[in-house]
Amino acid sequence: MPLSSLQHVTYAIADAMLAGPPEPAAMVERMTLVLGERADWMNGLVRRVAKRFGAPWDSVGSKELSKVVAETTGFVSAWRGENRPRVVRVLARPPFQRPPPPWLHDVALPQLPTLGDLAAWLGIEPDELDWFADRWRVPAQSAATPLHHYSYKAIEKRDGRCRIIEVPKSRLRALQRKVLRDLLDRVPAHDAVHGFRRGRNTVTFAAPHAGKAVVIRFDLTDFFASVHAGRVYSAIRAFGYPLEVARALTALCTNRVPSGRLLALDVRDRIDWQERQRYRNRHLPQGAPTSPALANLCAFRLDLRLAGLARSLGATYTRYADDLAFSGGEDLARVAERLSIRVAAIAIEEGFSVNLRKTRMMRRGARQHLAGVVVNRYPNLARPAFDALKAVLTNCVRHGPASQNRDGHANFQAHLAGRVAQAVMLNASRGAKLKGIFERIEWDEVQPRHFTHQRHEP
C-alpha cells in the first residue's frame with residue numbers, strides 16, 4: 001500500500017533526490033520513479049534545492065532536505081489538491097563517506113561507508129561489531145558481569161582520593177589498537193601537544209620553556225573522563241564517516257562505569273559527585289589505548305585558543321596530557337592572575353576544568369620544573385623525579401614490577417623504558433644509573449626490552 005502521510009512523502013522525495021548526483025534533470029527523474037508520475041512542481045523544487053545547498057551535496061541530510069520539500073509552494077499546492085503525491089517505491093541513498101575536511105586532505109583515512117565495511121576492517125563479523133559497540137547492553141548497576149567489556153581498578157591519588165582505571169578486556173582492546181594504529185594515529189593533533197605523540201615526550205614538552213623569566217603550570221581535572229561520548233562522536237563525524245559508522249566507533253572507544261562499581265567501598269567515599277557523574281556518562285576510559293589520541297583530538301579547540309592566548313601575551317604554550325604550561329618574560333608575570341582566570345574560562349567553554357589548587361607560577365630564582373624536567377637554564381632531570389623513578393625501579397627489582405604498576409599501564413615495561421630513556425637524554429650520568437637498575441628487573445620473557453622512547457599509555 002502506498003505511503004501517504006506528509007512526513008513519509010517528503011522524506012521519500014528527499015531520499016530520492018539524495019540517491020544520486022545533484023543534477024536537476026537526474027533529481028526529477030528519481031522523484032518521478034518514487035511518485036510514479038512527473039509533476040510541474042518538481043522543477044521548482046530542484047532549483048530551490050540547488051540554490052539552497054549548492055556544492056556540498058554529500059553533507060546534506062534527509063531531514064533538512066525534507067523540510068525544504070514541505071515548504072515548497074508547488075508541493076504544498078499539490079498536497080492540498082485532490083491528487084496528492086503518493087509514494088510507489090523507495091530509492092535509498094547509497095552508503096557513502098564524505099570527503100575529509102581540508103586540513104585532512106593529505107591524510108589517508110580508511111574508507112568505511114557502512115557498518116559491514118567497519119566490521120570487515122576490524123576483522124570481525126557484523127554481529128560481533130554489534131556486541132562490542134552495543135552502548136546499552138549492560139545494566140548501569142552491574143560491574144562484575146561477562147557482558148561487560150571492561151574491568152576496573154581504583155588508584156589512590158596523593159590526596160587520598162582515587163581515580164578509576166577502566167581496562168578493556170583483551171578482544172575489545174585489540175579492536176581499539178586497530179582503530180588507534182590505522183585511523184587515529186593518522187590524524188594530527190595541535191602542534192602544541194606533546195603527550196601521546198610519536199617523537200614527542202616530556203622533554204619536548206618542557207624544552208620550549210627553558211631559560212624563561214616565569215613558567216606557569218596549570219592542571220586539567222579528570223582529563224579523559226571530561227571527554228564525553230558526544231564530543232568523540234562529533235570528532236569522528238568530522239572525519240567524514242557516516243552517522244552509523246561514527247556511532248559504532250564512538251561506542252567502541254567510550255565507556256560508562258556501572259553504578260555498582262562507583263558505590264563500592266574502595267571508591268564511593270573517595271570521589272565527589274561531579275566525578276561520579278562523569279564516570280556514569282559515556283566518556284573516554286583511562287586505560288583504553290584509543291583514549292589519549294581521542295582526547296588530544298577533542299581538545300584541539302582548547303589548544304588552538306590557548307596557543308592564541310599565549311601569542312597575544314608574547315608567551316609560549318605547550319600541553320602534555322592534562323598539564324598546561326605557559327612561559328615568558330616579566331610581562332607575563334604581571335598578568336599571571338588574569339591569565340589564570342582566562343585559562344580557566346577557556347577550559348570551561350571547551351568542556352574541561354582547571355584544578356586551580358595545582359596552578360603554579362615559578363620564577364627564575366626558584367626551581368622551575370614541568371613533568372619532572374627542570375627548565376631554569378636548560379632541560380635537566382629534576383632530583384625528585386630521579387629519586388621517585390629510582391625508587392620505583394628498585395622496588396621492581398625487589399618485589400617485582402607488578403607491585404609498582406599503580407597506574408595500570410598495559411605495558412609497564414615499555415612505560416618504564418621510556419622514562420629511563422628520557423632520563424638518559426636529560427642527564428647521561430644519572431640516566432645510566434637508572435638504566436643499570438632497569439636492566440636488573442625480571443620481566444616476562446614475552447615483553448621486549450628497549451630504551452627508545454615509547455608513547456605512554458593511559
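**Stop 1: helix α2**

Select α1 (6-18) and α3 (41-53): both are among the elements that cover the buried residues of α2, cover being counted by contact (heavy atoms within 4.5 Å). Helices here are DSSP runs (H or I, at least four residues), numbered from the N terminus. This is a predicted model, in which local features need pLDDT of at least 70 and side-chain atom pairs count only at pLDDT 80 or more, while totals for chains, interfaces and linings use all residues. Residues are numbered from 1 along each chain as its sequence is written, and side-chain values use heavy atoms, with hydrogens and water left out.

Now select α2 itself, residues 24-35. Its buried residues (under 20% relative accessible area, 1.4 Å probe, protein chains only) are M27, V28, R30, M31, T32, V34 and L35.

**Stop 2: α18 and α19**

Select residues 383-399 for α18 and 412-426 for α19. Their axes (lines fitted to C-alpha atoms over the stretch in contact) lie 11 Å apart, and the helices pack at an angle of about 140°. Show side chains: L389, V392, L393 and C396 of α18 meet F412, L416, R419 and V420 of α19.

**Stop 3: confidence**

Colour by pLDDT, the predictor's confidence in each residue, from 0 to 100. The chain has a mean of 89, with 93% of its residues at 70 or more. Select residues 445-458, where pLDDT stays under 50; the model has 45 contacts beyond four places in sequence for this stretch.

Notes:
Helices (H or I, at least four residues) and strands (E, at least two) are DSSP runs, numbered from the N terminus. The expected span of a helix is 1.5 Å times one less than its number of residues. Buried means under 20% relative accessible area, exposed over 50%, partly exposed in between (1.4 Å probe, protein chains only). Axes are lines fitted to C-alpha atoms, for helices over the stretch in contact, and angles run from 0 to 180 degrees between N-to-C directions.
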